[in-house]
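Me: I am meeting this structure for the first time and would like a friendly tour. Please show it to me and tell me how to read it.

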Amino acid sequence: MTGPLSGVRVLEVAMYGFVPSGGAVLADWGADVLKVEHAVTGDPQRGLRFTGRYKVEGDPNPNFDHANRGKRSIGLDVSKPDGVEVLYELARRSDVFLTNFLPGARKRFKIDVDDIRAVNPSIIYARGSALGPRGAEANRGGYDMTAFWARGTSAASLTPPNMPGLVLPPPAYGDTISGTNLAGGIAAALFKRERTGETSVVDVSLLGSGLWAMGHALALSMRINEAWVAPESGAPSGLQNPLSSLYKTADDRYISLVMLQPTKFWPEVCHVIGRPELADDPRFATMESIAENAQVGVQLLQEAFGARPLSEWTEILGALSGPWAPVQDTLQAAADPQIAANQYILPAGELSLVSSPVQFDEAAPELGAAPSFAAQTEDVLLELGLDWDRIIELKTAGAVT
């Protein structure tokens, strides 16, 4: 696979969604990512078949493949001396060591920073954690639901106060965002090493990423000492600006308008929706008069948009210079021609997967299929220079699969 990280070797000792999704981004960018899985059980994510009410039968399994496309897999038991020696040989040949093992496990398996740097002083050591590398809870594990969504403020901040319970995230939501952050940090560390010769330890946590995703709201909250609270479900929108609101169409779809300069766009919108007489209406001539008459404007736009289906509005609004978008679900997005034109969803083996969002030189990455469990074990051992007698000994000892 080609890309800006072509030639970079990444050794991934991780499982589940967060850190492996960072490895997937690096693979999208052209790195050779070798996934180390337990010699018997593999990555537990392979067995994830239920996600909420959704169930995946058979393989390929998008619950695993999303975060593991484009990698190679080796089955290795690092609790065995022979297994960890193989890992050290791989680390000697790698640019990046990527892990989500907790501090105690890293020490127990002798794969902590000092252990890996002892065999490769120039390697970049990248750690993904739930709650960060410092503090009393650094040894605690967690998932995107706990560390990113719940503790990172999204759950409380995005749940309407009149809704029972809490809004839940889609699968691997915080994992995937955090994994992209991790890949970016690794890329920066590679650049630093190239420029200065100095290596780095890179840390990204689900909690830190969750706070970053809510950073604007947190900044406002801390400035005015008021917690961010979502609007009530069903509450009127466009309270100050009718051009920043959601409007239902005749077929029960929605259009989102976000035009933060309403005086600039109001006349154009009026002409596009077939109400040119409103373009010069003094009620919508200034920011002040628009705010005073916002609910009148909302009602006028509700009536206009409610008269046609989304398909017609999509064609009509195509010439509109102000920002707008259809509200889409996952299947509607998968069929969106603009998404197809930019190759944001690509084939990866038998599946179609969302590409990582960065493109280089106006070209989409090539997505490889996720590896079968331990599919490249023998190839990798041969690359290390082991002969077949030694490979058989390792297999017999249970150090590799």
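Reply: Helices (H or I, at least four residues) and strands (E, at least two) are DSSP runs, numbered from the N terminus. This is a predicted model: local features need pLDDT of at least 70, side-chain atom pairs count only at pLDDT 80 or more, and totals for chains, interfaces and linings use all residues. Residues are numbered from 1 along each chain as its sequence is written, and side-chain values use heavy atoms, with hydrogens and water left out.

Me: Which strands stand at the edges of the open sheet of 6 strands?

Reply: Two strands pair if DSSP finds at least two bridges between them. In this open sheet the pairing is parallel, and the order reads E5-E2-E1-E6-E7-E8. Each edge strand has a single partner, so one of its sides has no neighbour in the sheet; the two are strand E5 (72-75) and strand E8 (201-205).

Me: Within that sheet, which residue of E2 stands opposite valine 10?

Reply: Strand E1 covers residues 9-13 and strand E2 covers residues 32-37, and they pair in the parallel sense over 4 bridges. Opposite valine 10 in this pairing is valine 33.

Me: Which strands stand at the edges of the open sheet of 3 strands?

Reply: Here the pairing is antiparallel, with the order E9-E10-E11. The outer two have a single partner strand each, so one side of each is left without a neighbour in the sheet; they are strand E9 (244-248) and strand E11 (324-326).

Me: Which residue in E11 stands opposite isoleucine 255?

Reply: Strand E10 spans residues 254-258, and its antiparallel pairing with E11 runs over 3 bridges. Isoleucine 255 faces, in E11, proline 326.

Me: Now the pockets: how many nonpolar, polar and charged residues are in the lining of the largest pocket?

Reply: A pocket is an open set of points, on a 1 Å grid over the protein atoms alone, where a 1.4 Å probe fits, with protein on both sides within 12 Å along at least five of seven lines; lining residues have an atom within 4 Å of a point. The largest pocket has 45 of them, and Asn63, His66, Pro170, Pro171 and Ala172 lie nearest its centre. Among the elements that give two or more residues to this lining are helix H1 (18-28), helix H8 (173-196) and strand E13 (351-354). By class (Ala, Val, Leu, Ile, Met, Phe, Trp, Tyr, Cys and Pro nonpolar, Asp, Glu, Lys and Arg charged, the others, Gly among them, polar), the lining has 26 nonpolar, 13 polar and 6 charged residues.

Me: Which element gives the most to the lining of the second largest pocket?

Reply: This pocket is lined by 40 residues, with Met15, Tyr16, Asn100, Phe101 and Leu102 closest to its centre. Two or more residues come from each of E2, helix H4 (103-108) and strand E7 (124-129). The lining divides into 19 nonpolar, 11 polar and 10 charged residues. With 4 residues, the element that gives the most is H4.

Me: Last one: how many residues apart are phenylalanine 97 and tyrosine 125, whose rings pair?

Reply: Rings of Phe, Tyr and Trp (its six-membered ring) pair if their centres lie within 6.5 Å, and planes under 30 degrees apart count as stacked, over 60 as edge-to-face and the rest as tilted. The whole structure holds 9 aromatic pairs. In this one, the ring centres of phenylalanine 97 and tyrosine 125 are 5.2 Å apart and the planes stand at 25°, so the pair is stacked. It links distant parts of the chain, since phenylalanine 97 is in strand E6 and tyrosine 125 in strand E7, and their separation is 28 residues.
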